[in-house]
Amino acid sequence: MPKITYIDASGTERTVEGKNGMTVMETAIKHNIPGIDADCGGACACATCHVYVDGAFTEKVGKPSAMEQSMLDFAENVKENSRLSCQIKIREDLDGLKVTTPESQH
Amino acid sequence: MAEAPKRVVIIGAGQAGGQAAYSLRLGGFAGAITIIGDEPQPPYQRPPLSKAYLKGELDAERLFLKPVEYYPEHGVELLTGVAATRIDLDAHTVELSSGAAVGWDRLVIATGSRPRRLSVEGADLGGILELRTLDDVDRLKAVAHPDARLVVVGAGYIGLEAAAVANQLGLKVTVLEAMPQVLSRVAGPEIGQFYNRVHRAAGVDIRTGARLAAFEGAGHVTGVRLDDGEVIPADLVLVGVGVLPNMELAAEAGLVCGNGIVVDGEMRTSQPDVYAIGDVAWRPLAHYGREGRLESVHNAIEGGKIVAASILGLPAPALDVPWFWSDQYDLKLQTAGLWTGADERILRGDPQSRSFAVFYLKEGRVIAVDAVNAAPEYLVGKKLVAAQATVAPGELADKSISMKDIGARALS
């Protein structure tokens, strides 16, 4: 099963086992990872599951959809590698994925 | 300073009750937490029930707000399938349907709401369903075979979302709405007209101004009779005509109730060591200078956070503008603010393009926005609402000015 590493704003790393087809957000919630709120439960409606994707994976993870990009355009502290983790589905080739959570989701 | 509370009991294992427990633990609460829920499942998300879950795209476990292991691992006692039957404010106990009683220093009432039932003839026939709980949806899914004739009573968000899914699953769907327009309680007429058109184009028979007289059938529903005598054949009926707050326990205990349990800005009821949150709470609406009851995820989560902060003696969290969303077909409606009381509505974009927004103004200030497939309008709109910003109506309607620029100007 693909391993996903979550790094919080202070640099603390937490690595957990993901499941193919589940999202990076759901996996964080399942493992009680702080820094991902996901208020809307993954409906791409709230932008509280914002993460930065590690440079080695940005290409594999792919680009956000138009809807997600619009949500990101207006989120706080957005960078080039920002994604909403509810829109990233875990696949075998994302094994080792690292994402960093922003200081605050609001 | 008063002694720190040692035992918190939360009645209601929905999104608000769950959030109160999570936020208490996250905030460092070391005492005992008990959640009492009358449903068999741990706290779960309700919004997908009328959307992805009904459609069969998610299994139940993916709706759980926390995995089941969370509760024992974090010392949260989760009692499911048990109802609270009485609150004793003097003894500081809650009595349970199991016959047991639990004691508390702080009580959080998060009992939510229940679907309003119709009192017309035949309302207790088989095949007449409601949509509030996972079990409700499982019952609906079990009988929602393609080609079944479904009559949805009530064109609010629940009714229309379910109608959209049922239509996509191949059911023959009729929606009955007593008001002249769909969604008329929750959104402006532009939004109602738009969704009316979308559903009709998809093949849903929407009947507005339809007055229900009775459900027909012997044992199981076979049709819905309107007051003009017409009978619409039905294999299944889904009633979605709003909810009522589950405030009986609180009222019987002597807590002040109106249309919900009356609380202050800290979500405290008329008894200071008892809180109420979520759908059941009649709360101050920070951005609107009035009180009201909100039925939304935003309200559930915010209430849970406010209560946890209050119990822990921490500063109250920043209050968000009420927000909400609805998924129907390929359309995502996102709402910020409350439109009641608007004296002006500004349409931005062309509904025909399936991406547009309606801004609601009161005395020139933006009080709400409904955005359909229009995230910038929603997100900037939400900030405008929070700031109660004044924006020239012509500017809001002008698509050649970006929302970013509108926001930058209005919020600077």
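Start by selecting B:Asp228, which is exposed, with 8 other C-beta atoms within 10 Å. B:Asp228 sits in the loop between β14 (220-226) and β15 (231-233) of chain B.

The model is predicted: local features need pLDDT of at least 70 and side-chain atom pairs count only at pLDDT 80 or more, while totals for chains, interfaces and linings use all residues. Residues are numbered from 1 along each chain as its sequence is written, and chains are lettered from A and ligands numbered from 1 in the order in which they are written.

**Chain B as a whole**

Colour by secondary structure to find eleven helices and 27 strands. These are DSSP runs numbered from the N terminus: helices are H or I of at least four residues, strands E of at least two. Of the 412 residues in chain B, 49% are buried.

**The core**

Next, select B:Ile10, B:Ile109, B:Val237, B:Ile261 and B:Val369. In the largest nonpolar core, which has 160 residues, these five touch the most other members. Such a core is a set of buried Ala, Val, Leu, Ile, Met, Phe, Trp, Tyr and Cys residues joined through C-beta atoms within 7 Å. Helix α5 (residues 157-168) of chain B gives the most to this core, with eight residues. Centre on B:Val237; leaving out residues up to four places away in sequence, its contacts include B:Ile128, B:Val151 and B:Phe215. Contact means that the C-beta atoms of two residues, placed from the backbone, lie within 7 Å.

**Two loops with positive phi**

Move to B:Tyr329, in the loop between β23 (323-328) and β24 (331-337) of chain B. Its phi is near 55 degrees, a positive value in a residue other than glycine. B:Tyr329 is partly exposed, with 16 C-beta neighbours inside 10 Å. Then pick B:Arg354, in the loop between β25 (344-348) and β26 (356-362) of chain B. B:Arg354 also has a positive phi, about 65 degrees, although it is not a glycine. With 15 C-beta neighbours inside 10 Å, B:Arg354 is partly exposed. Most residues other than glycine have a negative phi.

**Chain A and its interface**

Bring in chain A. Where does it touch chain B? In all, 13 residues of chain A are in contact with 16 residues of chain B. On the chain A side, α1 (24-30) and α3 (66-73) give two or more residues each, and α3(A) gives the most, with four.

Finish on the open sheet of chain A, five strands in the order β2-β1-β5-β3-β4 with mixed pairing. Strands pair if DSSP finds at least two bridges between them. The edge strands are β2 (13-17) and β4 (82-84) of chain A. Inspect β1 (residues 3-7) and β5 (residues 97-100) of chain A, which run parallel and are joined by four bridges. A:Thr5 has A:Lys98 as its bridge partner in β5(A).

Methods:
A residue is buried if 20 or more other C-beta atoms lie within 10 Å of its own, exposed if 12 or fewer, and partly exposed in between; C-beta atoms are placed from the backbone.
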